[in-house]
Amino acid sequence: MEVINTIGRRKASIARLYLKKGSGEITVNGKPYAVYFPQKHIQFNITDPFKTVGVEGEYDANVNVKGGGFKGQAEAVRMAIARALSQISEDYRKPLKDKKYLMRDARVVERKKYGKPKARKSFQFSKR
């Protein structure tokens, strides 16, 4: 198997993934994923696509991720891993699609409007 190259996006984050057969090592920006994402619930996002299709420890993933915060970056990595796994085998596509890992979550922060303190929040209204 050659190297599979995919991309994942979430909020302002973009993750480029290179997946190949190996021992299950996942590196994010040159560091092990557990060091780059120290929170356990965020680490679960990274490993869950492998657990969903039952191939944990079989593939090495090298990820370059930029932009956004840690949660957006983790979900961008999750989407890239899911896309790569669905390219490996058509059988992996259905369980990943059922968990919505292949769908781009397009929700982003709404821009601030002029005359308001935030996007929709208003200053206190005074009648008199």
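Arg 107 and Asp 105 form a salt bridge, with their closest N and O atoms 2.8 Å apart; a salt bridge here is a side-chain nitrogen of Lys or Arg within 4 Å of a carboxyl oxygen of Asp or Glu. The model is predicted: local features need pLDDT of at least 70, side-chain atom pairs count only at pLDDT 80 or more, and totals for chains, interfaces and linings use all residues. Residues are numbered from 1 along each chain as its sequence is written, and side-chain values use heavy atoms, with hydrogens and water left out.

Arg 107 is exposed, at a relative accessible area of 57%, while Asp 105 is partly exposed, at 22%. On this scale, buried means under 20% relative accessible area, exposed means over 50%, and partly exposed lies in between (1.4 Å probe, protein chains only). Both residues belong to a network of salt bridges that also links Arg 10, Lys 71 and Glu 75. Over the whole structure, a search finds nine salt bridges.

One pairs Glu 110 with Lys 113, the closest N and O atoms being 2.7 Å apart; Lys 113 counts as partly exposed, at 25% relative accessibility. The other pairs Glu 110 with Arg 120, where the closest N and O atoms are 3.1 Å apart. Glu 110 and Arg 120 are ten residues apart, and each is in the segment after α4 (93-98). Arg 120 is exposed, with a relative accessible area of 64%. Side chains of opposite charge can pair when their charged atoms come close.

The nonpolar residues come next. In soluble globular proteins, nonpolar side chains tend to be buried together. A nonpolar core is a set of buried Ala, Val, Leu, Ile, Met, Phe, Trp, Tyr and Cys residues joined through side-chain atoms within 4.5 Å. The largest such core has 29 residues, of which Leu 17, Leu 19, Ile 46, Phe 50, Leu 85 and Leu 96 touch the most other members. At least two core residues come from each of β2 (13-21), β3 (26-28), α2 (40-53), β5 (59-66) and α3 (70-88). α3 gives the most, with eight residues. These helices (H or I, at least four residues) and strands (E, at least two) are DSSP runs, numbered from the N terminus.

What does Leu 96 touch? Leaving aside residues up to four places away in sequence, Leu 96 touches Pro 49, Thr 52, Val 53, Ala 82, Leu 85, Ser 86, Tyr 101 and Leu 102, contact meaning heavy atoms within 4.5 Å.
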